[in-house]
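Hello,

Here is the structure I promised to pass on to you. Have a look at it first, and then read on for what I found in it.

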Amino acid sequence: MTELAMDRTEPSVEAILRDELARGNRALGGVAPVISHMLESSGHALVSDAIVARLRGMLIDLARQLLNAGLPPSRRDMMEDRVADKVADGLAADSTVLNHLYAVAMEGHLTERLEQRSSVDPVLSPLLQELIASDQAAIAELAMTSLAAQSRFTQSQRRMELPLGELPAELFLRVLKRFKKMAHPGDTGVDQETVAQTIAALKSNYDEGAGRLGLLTRLVSSMRGGAVAALELDHAGLALFTTGIAVLTRQPRNLAIMACHERQAARLALSLRAGGLNAEAIERQFLLIEPSEMLPDGIAAMTPERARELLGAEQLSGGHTADGRSFGPGGV
């Protein structure tokens, strides 16, 4: 192909990818209202019942943790379900909280699906084993701690739970603020003084860096130039794979998770190209994640730098905040 022909075809390829990203944005932007509706009613084709069940379970679990933290042990088993339901409903009304829980639920769902369909280990991947065996003590220790955190995550997801300490700092504080507004003796049986003491205690025990997301980010970052190994899904496992995408492309991790959804092929392809994979390696990831999806045309000829530029422009203008706090117009 002549240089002139290449110049003529490249803009059309980018236009197609931009259009696919825009469609992906619109799909993600519709997630919040669909979930809000489903939490109150029966199923909807756009979001599976399994995801909604995980979401509802995590909301109830967070509510119970908030309420139990302010009660003596002797009273914790006496808390009425309606009280936890009321607090859970209040948390679900926050689109930013719902956005994050949706991504967590999606990760849990994809983790189980990849294990069943492609034998991708949900906890101890080959890459994590290699890092545990590292001759650098700090990396080996960090990998072991990450292994324990990932094991807890898979167990929690099976129980449809989410520890408060696993929330990112901004969301942790947001949940506490909303709980403070919701807590009234008539509704929750917890007075404002107890709530204030509970919140203070929860804050003092919170350590974002000790959470799974913080550990995974530090572990991938410690790999430096070798972090590209995290982009081989069957070798890295989903947790390190999505963290690797986030670190290498400077995208929010929630967006990296959503890139693995069946309607986000353009985002996934651009993310993997931006991370340094060639077309053959990208196709292998597609076959593992969603075999029915086709690799977008033109991705092989695109440079990693250009892929990063397209992703960056999409985050700033396509309905996403730069830090990924919303998936679409109005937030999720």
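Helix 15 itself, residues 265-274, is mostly covered, since ten of its ten residues are buried. Among the buried residues of helix 15 are Leu268, Leu270 and Leu272, and also Arg267, Ser271 and Arg273.

Before going further, please keep in mind that this is a predicted model. The average pLDDT of the chain is 83, and 77% of the residues score at least 70. Two stretches call for some care. Residues 1-10 stay under 50 in pLDDT, and the model gives them three contacts beyond four places in sequence. Residues 41-46 also have a pLDDT below 50, with six contacts in the model beyond near neighbours in sequence. Where pLDDT is low, the predicted coordinates should not be read in detail.

Now for the chain as a whole. Its secondary structure comes to 17 helices and zero strands. Of the 332 residues in the chain, 49% are buried. The chain exposes about 15,500 Å², and carbon and sulfur atoms supply 53% of that area. Among contacts with a separation of 6 or more, 71% are between residues 24 or more positions apart.

Two packed helices are described by the angle between their axes and the distance between the axes. For helix 6 (residues 95-118) and helix 8 (residues 137-158), the angle is about 100 degrees and the axes are 10 Å apart. Helix 6 is therefore roughly perpendicular to helix 8. Which residues meet there? From helix 6 come Val104, Ala105, Glu107, Gly108, Glu112 and Glu115, and from helix 8 come Phe153, Gln157 and Arg158. The residues of this contact divide into three nonpolar, two polar and four charged.

Helix 6 also holds His109. With a relative accessible area of 24%, His109 is partly exposed. Leaving out residues up to four places away in sequence, His109 touches Ile51 and Arg54. The C-alpha atoms of His109 and Arg54 are 8.7 Å apart in space, although the two residues are 55 residues apart in sequence.

The loops on either side of helix 6 are worth a stop too. Asp94 sits in the loop between helix 5 (81-92) and helix 6. Is Asp94 buried or exposed? Asp94 counts as buried because its relative accessibility is 5%, and the cut-off for buried is under 20%. Not counting residues up to four places away in sequence, Asp94 touches Arg174 and Arg178. In the loop between helix 6 and helix 7 (126-132) you will find Ser119. Ser119 is exposed, at a relative accessible area of 67%. Although Ser119 is not a glycine, it has a positive phi of about 60 degrees.

Another residue to look up is Arg224, in the loop between helix 12 (212-222) and helix 13 (233-249). Arg224 is not a glycine, yet its phi is positive, at about 50 degrees. With 71% relative accessibility, Arg224 counts as exposed.

Helix 12 itself contains Leu216. At 3% relative accessibility, Leu216 counts as buried. What does Leu216 touch, not counting residues up to four places away in sequence? The list is Ser146, Gln150, Ala239, Leu240, Thr243 and Arg253.

Finally, turn to Glu166, which is found in the loop between helix 8 and helix 9 (169-182). Glu166 counts as partly exposed, with 22% relative accessibility. Leaving aside neighbours within four places in sequence, Glu166 is in contact with Gly211, Arg212 and Leu213. The C-alpha atoms of Glu166 and Ala210 are separated by 8.5 Å, and these two residues are 44 residues apart along the chain.

Enjoy exploring it!

Best wishes

Note on methods. Residues numbered from 1 in each chain as written. Predicted model: local features only at pLDDT ≥ 70, side-chain atom pairs only at ≥ 80, totals over all residues. Heavy atoms only, no water. Axes fitted to C-alpha atoms, helices over the stretch in contact; angles between N-to-C directions. Helix = DSSP H or I, 4+ residues; strand = E, 2+ residues; numbered from the N terminus. Parallel < 35°, antiparallel > 145°, perpendicular 65-115°, else oblique. Contact = heavy atoms within 4.5 Å. Nonpolar A, V, L, I, M, F, W, Y, C, P; charged D, E, K, R; others polar. pLDDT = per-residue confidence, 0-100. Buried < 20%, exposed > 50% of the residue type's maximum accessible area, 1.4 Å probe, protein only. Areas by Shrake-Rupley, 256 points an atom, 1.4 Å probe, with all protein chains shown as cover.
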